[in-house]
Amino acid sequence: MSKGSRRLKTGGEIDRSQIINFEFNGTQYQGCQGDSLASALMANNVSLTARSFKYHRPRGIMGANSEEPASYVELLGDAASGSQPITTIVLREGLRAKAVNCWPTPSFDLMSVNQLIKNFIPAGFYYKTLMWPNWHFFEPHIRRIAGLAKAPERAPMSGQYESRYWFCDVLIVGAGPAGLMAALTVARSGARIVLVDDGSLPGGDLLNTKELLNGQPSKIWVNNVIDELDNLKNVLRLQESSAWAYREQNLVIVTERHPAPKQLIQRTWRIRARRVIIASGAIERTLVFKNNDRPGVMLASAVQAYINRYATLPGKRAVIFTNNDSAYQVAEDMIAAGIEIAAIVDCRKDPAPTHASPTGDIVHKTNHVVTKVVGRRRVRAVNLRSNATGDIKTIACDLLCVSGGWNPTVHLFSQARGSLRYEDSLSTFVPDTAAQANVCIGAAAGKFGLQEIFADALEAGHRAAIDCGFKILELSAPIAQTSAPYSIEALWHSNSDDLSASSFVDIQNDVTLHDVHLAIREGFGAIEHVKRYTTGGMGIDQGKTGNINIIGAVANQMNVALAEIGTTTYRSPFVPIELGAIAGGREDSAVLPYRHTPITQWHKDYGATMYESGAHWRRPGYYAKVGESLQQTINREALATRENLAIYDGSPLGKFEISGQDAIKLIEMLYTNQFSNLKVGMGRYGVMLTEDGRILDDGVTFKLHDDHYLMSTSTANAQTVYRHIQRFLQIERPEWRVWITPLTTQWSNATLCGPKARQVLSQLNSDIDFSSHAFPFMGLREGTIEGIKTRVCRVSFTGELSFEINVRSRDALKLWERLFEIGKPLDLVPIGSEANHVLRVEKGFLSLGHEVDGTADPYDLGMSWVMSKQKADYIGKRAVKVRRGQNRARRELVGLLTDDPYRLVTEGAPLTPDGKLEASEGFVTASVWSVARSRSVALALLADGRNRIGQKAYVRIKNDVIPVTITQPCFYDADSELMRS
Amino acid sequence: MLEITCPFCGPRSETEYINGGPSKVNRAESPDGFTDSEWVDYLILAPNPLGPVKEEWCHIMGCSLWFTITRDTVTHEILPSPETSNE
Amino acid sequence: MAKYSYDHDKARLSMQKYSLFSLACKTLNNHQGWRQAWRTLPLKNEYEILIIGAGGHGLATAYYLAKYHGITDVAVIEKGWLGGGNIARNTVTIRSNYMRDESIPFYVKSLELYEQLSQELNYNLMYSKRGMIDVIQTYPKLREIKRRMLSMHLHGSTYKSLDIEELRRQIPPLTGGGPDSRLPIISSMLHTDAAVCRHDAVAWGYARAADDYGVEIHQNTAVQRLLKGADGSIEGVITNRGKIRAKKIALAVSGHTTTLTDTVGLQLPLRTFNLTAFVSEPVKPLLDVIVNCPDLGVYLNQSDKGEIVIGGASDVGQSFRRDIKQDVFEDSVRATLELFPSFKRLKLLRQWGGALDIAPDATPIISKTKIPGLFVSAGWWGGFKAIPAGGLTFAHLIANNENHLLNEPFTLDRFDHLNFILESGTTAH
């Protein structure tokens, strides 16, 4: 094999002076600037590039773009990827690639033994066998041989992904002749446009042909249009970019594969367009006959691309097999490039006159079909059959160009929910009715003559610009040299069946005509059944070259029209897209932002272990000292609170100011208990329900002034409560004059608690009288501390004397440090949420997510006092009445003491009758080591619990039965004297 | 991802809003006047049509306004309806 | 062109046995000898029982009606193609890790039935009991999962603790969630009973077996409305192929339940939402278990074909569109990459949505209705895992007009007193 032996001396969009070194399957090669990996390999005379998915048959390059069904490679190094079509990889220096799914190499692949048992494993064979002893027994072996590439082992080492929003008047997909013409038309009107093109260069099919426009090579026109567009400010042009998803409301997702800044790997655009023009062209179909997958069988259009664009010869002696006119143009280019045409085989009796007689002395076999390819690792010859006589003839060749006609690329149109119709004259599906503000033009609309395409594009461009309110300048289309009409005769397969099962309808997934027939025979005749039973069209190429042939084969076999069969669903993405590009570089805290208080850094410096505590807040869990176990730390912090002095950062607590003449009406509707008799400067604990009677939240609301309240909510529920209130107010009671101001992050707080809390406050420079008679429990005082404006609330979540000192967030750290300074000599201890949990469980205070798990109502929790009898109505009242109006045991909050005081039960553990292994009668909501009682204590919701206080119950932890005694749900200071002191 | 027009802020991406479900009849002033089964129906039933549905949205990342739109549950088209539930 | 003649009039109902041997025999004559997996018969105008919806639940119900209740004058009618609803569009996860006593036994039964279903139906469902690992990143979630673990044990379903080292050993590409990440992994739990299986095969296997009992399956038969008799009980349906009468009608149409019940003025507490999933390109095996990441809201597994199948959160707002919300989708991708950063280069291959209905408490409904003779199986949200038990109990209910022990908690009258069965631990959606 001589290097570069297949490279033409002149022509093509390649730069022969720029040599690029690359590696394929461990061998070093050279290509040129402008090559794709496929064209470079072809130029190096490498024809066997892959093995197939199921049977491991030798495969070569068939296409020139993303439609490629056969040859997939994985890139190596930092560019490591999954499977990529060999045709879409732009060659660059140092590129390393290897063929997927073969071992050790495509030319010598050990798995090719599968070819020997091919007849034994047709479509769906696995549904019929491998059941004994069970599937799991066979699965690992099957899995190992499935899959294509290995998944990349790590994220890219360098570079990043990015994503952007974009808004435009008109989005044009495709920069072929139709797209460019439409883009120019709209761009000149001044409308903001985006022009997206999948290829490495603009021009679409013009790059692959020798078309003349206005008497000059089409490249000149393309370059002129691109130059003009690139100089307009209202144009954004994205090259090497795939428009891969069409969502609702004209949102199109585009991923740029090689964005300009070098450090970017890929960039995804979410483009919202007022109008979308789909000029995505068409994809050539393959034809179905025996061994139509051999290396050397190529799409005619791909052959044309390799000759004209890449100046590479796919073969030396070719047969062309077609059912339509487009392949004749290719024949001319092949001859010009020096390929010998052994024959043109056309299934039609009378091909259209314009192309009826190919130049020179080429054998033109009309009314013939190719029935078989001879040669295993490369086409050596083809068999033809005359439709008239049935005679078979063999012609030697090393290249077979096939053209089964053209399928408009309707994927985006169809994703947008546009409907398709089968067009008999084109033997394919074309766009019918659009479902969004879009239009298909040119080949994507089934228009294949160049002049017709330009006219279509001009008109669509005009309309889009006018629809968006722009004026149109006069503009005319270039004059195409050839504007041949296109005609086709449907040919879904050459042989009615192929019992050898080697006529492929889906080359990538190794689905044969025989498989399709088998599916129909077994009743899987719906097109989605055919797809799912055979896996036809479910490969990485999503059946771009084969799906319509499958539909044709089904229609033929069932003797119905293709229109009746319909297509399978076109699903995004149009081409596979890297997940990294979809995520767009947002990672870690940009995926899930977290909130921190002004004191967070202090906590960390002090050795706090921080973790998620609801509503995205990160809070100190505990402050471990060297040598302490976790339990020792928690005990130390809890004990300090009970016996001495502690401080915690309560800033994340939800806070809202509610004001206006109807403020109290709102509060009365929200809470189950009464607030109208609350005095200024005092607060009250309240419970809120949802309308269907479940506990939504609890908290304390203070009356600041007449018609002015401060509501606090639990940390986790602050946002939910805010929405709940706003919704009720705006939708149900819009006439009420109430204003709600969320203040959660405006105010931070430091909460001092423990017997010595007042002692610290007394040392502060403050205008507030902290004495118990002047500042009672549940009171609120406004004033200054150390010159800082504060609101101090006497609430307690720990059961101890407690002052919650609220300050503006900017002053919070200053306050905290000052408190710490004064408290230090008194052995002030900062405590985290673990110790807080112990303290509240000892007191039997509720915690959302523990006791409040969606089933308990306030009565169950022993809080009948909170359910106002005076109020005629509040949210959830009626629902609670409905729920309690049945004879059904309720689970009620109780305390539990384990028989073994040192035994801590798991939170969430079920209680079962007599500890038996059966349905539970309750569960442990919280369980801690109580520092006050020096033993384990727990809270539980237990069926008929209050009537059972003093009795035994049993916690069931897997096979362990733990006897407990049912108690009141409070283990410390039952009369709550300490916190009122 | 829809683009929804907030009556106060203008067109914004769906990500700025929360959906409050289909609009219901306004909450009764005195729920006690309803039977249990009427009240349960009020709580748990909601229109679930194949087609246009009137529903509540809130511009939570913006002005916090709750408003009503009519949206087709099949096409997701937002049908013109000038009314809002508020102010 | 040779035309295949359909085997319409199978004289006797005797299912063609699938086995290695039959496969070998049929290979000898190039697989020409395989019969239709289910027959295509003329539509009659009356049946004893009419099941609407030839999805997993509808077909399983038909199968169990025949198998356990001897009722074979049954037609399953389907507006599109058999198995084309949510059974064609799910993430194939089968599990029983529920929290409430009402739910766990039902799913335990479902898994038990699933496990021997390939043999029973003589159809390889590729049932793969590979286990599911919950990757836990917050303490409230850990507490909830522990609660599930202990409740599940009461009913014979299993969770096992895994330490983080073991977790990372079992899931090599799980390299995210380290101690310095946004949400460090704090614990993990293995639900040993969880499995995946080939979703389409479940529909096909039940269809073939039900057909063998004489049940009729009619595709492309769309119900336009239900019909109520003068006495208020159900009488039949009007379809695109005319009227069909039946004294008992069972709805198993997922998201479209209310579309049908609305035609007889029956309002049900169901709303329909779009839930989506996506798969990557097929790659060589790298995930042997199902991975569930509840704190980030994604779950994934690798299909036998090699695709990574990923599911995420549902869309906002009621919908029958089966479309993709770009923002919801991106969030699922980001969540996946947080834990599996090496998947950045892995490519999205396909994505889809499904119309799922959900009750106010997010727990399913298998129930009689106010209309005598009309039964519903709905509100499954992801109902794939429940198909065998759903079919078994629904068949029992239809045949006997009485609940099966396992579906008793799932009847509509639980709403009479707002007795919600809340699985999520806190609140329903």
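Which strand of chain C does strand 31 of chain A join, and how do the two run? Strand 31 (residues 577-578) of chain A is joined by 2 bridges to strand 16 (residues 347-358) of chain C, and the two run antiparallel. Strands here are DSSP runs of E with at least two residues, helices are runs of H or I with at least four, and both are numbered from the N terminus; two strands pair if DSSP finds at least two bridges between them. Within this pairing, A:Glu578 stands opposite C:Lys347.

A quick word on the ground rules. This is a predicted model, where local features need pLDDT of at least 70 and side-chain atom pairs count only at pLDDT 80 or more, while totals for chains, interfaces and linings use all residues. Residues are numbered from 1 along each chain as its sequence is written, chains are lettered from A and ligands numbered from 1 in the order written, and side-chain values use heavy atoms, with hydrogens and water left out.

Now step back to the whole interface of chain A and chain C. Counting contact as heavy atoms within 4.5 Å, 124 residues of chain A and 106 residues of chain C take part. Together the two chains bury about 10,500 Å², with 56% of it on carbon and sulfur atoms; buried area is the accessible area (1.4 Å probe) lost by two parts on being put together, summed over both. On the chain A side, A:Arg143, A:Arg521 and A:Leu579 lose the most area to chain C, together 8% of what that side buries.

What about charges? The rule finds 12 salt bridges across this interface, each a side-chain nitrogen of Lys or Arg within 4 Å of a carboxyl oxygen of Asp or Glu. One of them ties C:Arg100 to A:Asp853, with the closest N and O atoms 3.3 Å apart. Helix 3 (residues 135-145) gives the most to the side of chain A that touches chain C, with 6 residues.

Chain B meets chain C as well, through 22 residues of chain B and 24 residues of chain C. These two chains bury about 2,000 Å² between them, 57% of it on carbon and sulfur atoms. The count here is 1 salt bridge: C:Lys325 with B:Glu14, whose closest N and O atoms are 2.9 Å apart. On the side of chain B that touches chain C, strand 3 (18-22) and helix 1 (36-44) each supply at least two residues.
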